[in-house]
Amino acid sequence: MSKAWTWILIGTMSLTTAASRADSPIQWRGSRGWEPESAYCRLYDAKTVVTLLGTVQRVEKITPMKGMGYGVHLILKTDSETIPVQLGPTWYVEKQPLQIQTGDVVEVTGSRVPCDGKPVILAALIKKGTETVKYRELKGTPAWAGQSH
């Protein structure tokens, strides 16, 4: 195949790919499973919302359920327990003005639910000092819903 035909073929393929994406809804690339109507996001239950005060033991990137894109969670140590607190997709958490770090004392408000058979808190709000960051509405709608990354 000549170089000219190779470039024509590459150009045609690029245009076809771009056109198919142009009429698509929001692309959740790298965030599969974090869509507002996903099985994971539907775990949030407004009837199980709690508020805990504790110290952040560590902050990690994880995949909360099989097949999901990466998210961020922290391990919170309170006076009575140590529990994972799941914040949201990495791209959303990393854009927040308040970044949570190991050793921070925080107040977490979120839904206590089982995820993959283990208890977790799906964070709605995290307060550190006088600053608060919102990850979900108290009724469960993710703050990242409708945002692109």
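## Close-up views of a predicted model

View 1. Histidine 73 stands opposite glutamine 86, a residue of strand E3, in what is a predicted model. E2 and E3 run in the antiparallel sense and are paired over seven bridges, and the hairpin that joins E2 to E3 passes through four residues. E2 also pairs with strand E1, which covers residues 49-62, again in the antiparallel sense and over seven bridges. In this second pairing, isoleucine 62 has glycine 71 of E2 as its bridge partner. How many of the seven residues of E2 are buried? Six of them are, and E2 is therefore described as mostly covered, since a residue counts as buried when its relative accessible area is under 20%.

**View 2. A salt bridge between glutamate 81 and arginine 112.** The side chains of glutamate 81 and arginine 112 meet in a salt bridge, with 2.8 Å from N to O. Because glutamate 81 lies in the loop between strand E2 (71-77) and strand E3 (82-89), while arginine 112 lies in strand E4, the pair ties together parts of the chain that are 31 residues apart in sequence. Glutamate 81 is partly exposed, as its relative accessible area is 23%, and arginine 112 is likewise partly exposed, with a value of 30%.

**View 3. A salt bridge between aspartate 104 and lysine 128.** Here the side chains of aspartate 104 and lysine 128 meet in a salt bridge of 3.1 Å, taken from N to O. Aspartate 104 belongs to the loop between helix H2 (90-93) and E4, and lysine 128 belongs to strand E5, so this pair ties together parts that are 24 residues apart in sequence. Is aspartate 104 buried or exposed? With a relative accessibility of 13%, aspartate 104 counts as buried, whereas lysine 128, with a relative accessible area of 26%, is partly exposed.

**View 4. A salt bridge between lysine 134 and glutamate 137.** The side chains of lysine 134 and glutamate 137 meet in a salt bridge, at 3.2 Å from N to O. Lysine 134 counts as partly exposed at 37% relative accessibility, and glutamate 137 counts as partly exposed at 37% relative accessibility as well. In the model as a whole, the count of salt bridges comes to five.

View 5. In one of them, tryptophan 34 and tryptophan 144 are arranged edge-to-face, with 5.7 Å from centre to centre and 80° between the planes. This pair links distant parts of the chain, 110 residues apart, for tryptophan 34 is in the loop between helix H1 (3-22) and E1 and tryptophan 144 is in the segment after strand E6 (131-134). Both tryptophan 34 and tryptophan 144 are buried. Tyrosine 92 and tyrosine 135 form another edge-to-face pair, at 6.4 Å from centre to centre and with 75° between the planes. Since tyrosine 92 lies in helix H2 and tyrosine 135 in the segment after E6, the pair ties together parts that are 43 residues apart in sequence. Tyrosine 92 counts as buried at 5% relative accessibility, and tyrosine 135 is buried with a relative accessible area of 1%. Ring pairs link Trp34, Tyr40, Trp91, Tyr92, Tyr135 and Trp144 into a cluster.

**View 6. Aspartate 116 in a loop.** Aspartate 116 is found in the loop between strand E4 (105-115) and strand E5 (118-128). Its phi is near 55°, which is a positive value in a residue other than glycine. Aspartate 116 counts as exposed, because its relative accessibility is 53% and the cut-off for exposed is over 50%.

Key: Residues numbered from 1 in each chain as written. Predicted model: local features only at pLDDT ≥ 70, side-chain atom pairs only at ≥ 80, totals over all residues. Heavy atoms only, no water. Helix = DSSP H or I, 4+ residues; strand = E, 2+ residues; numbered from the N terminus. Buried < 20%, exposed > 50% of the residue type's maximum accessible area, 1.4 Å probe, protein only. Salt bridge = Lys/Arg side-chain N within 4 Å of Asp/Glu carboxyl O. Pairing = 2+ DSSP bridges. Phe/Tyr/Trp six-rings, centres within 6.5 Å; stacked < 30°, edge-to-face > 60°.
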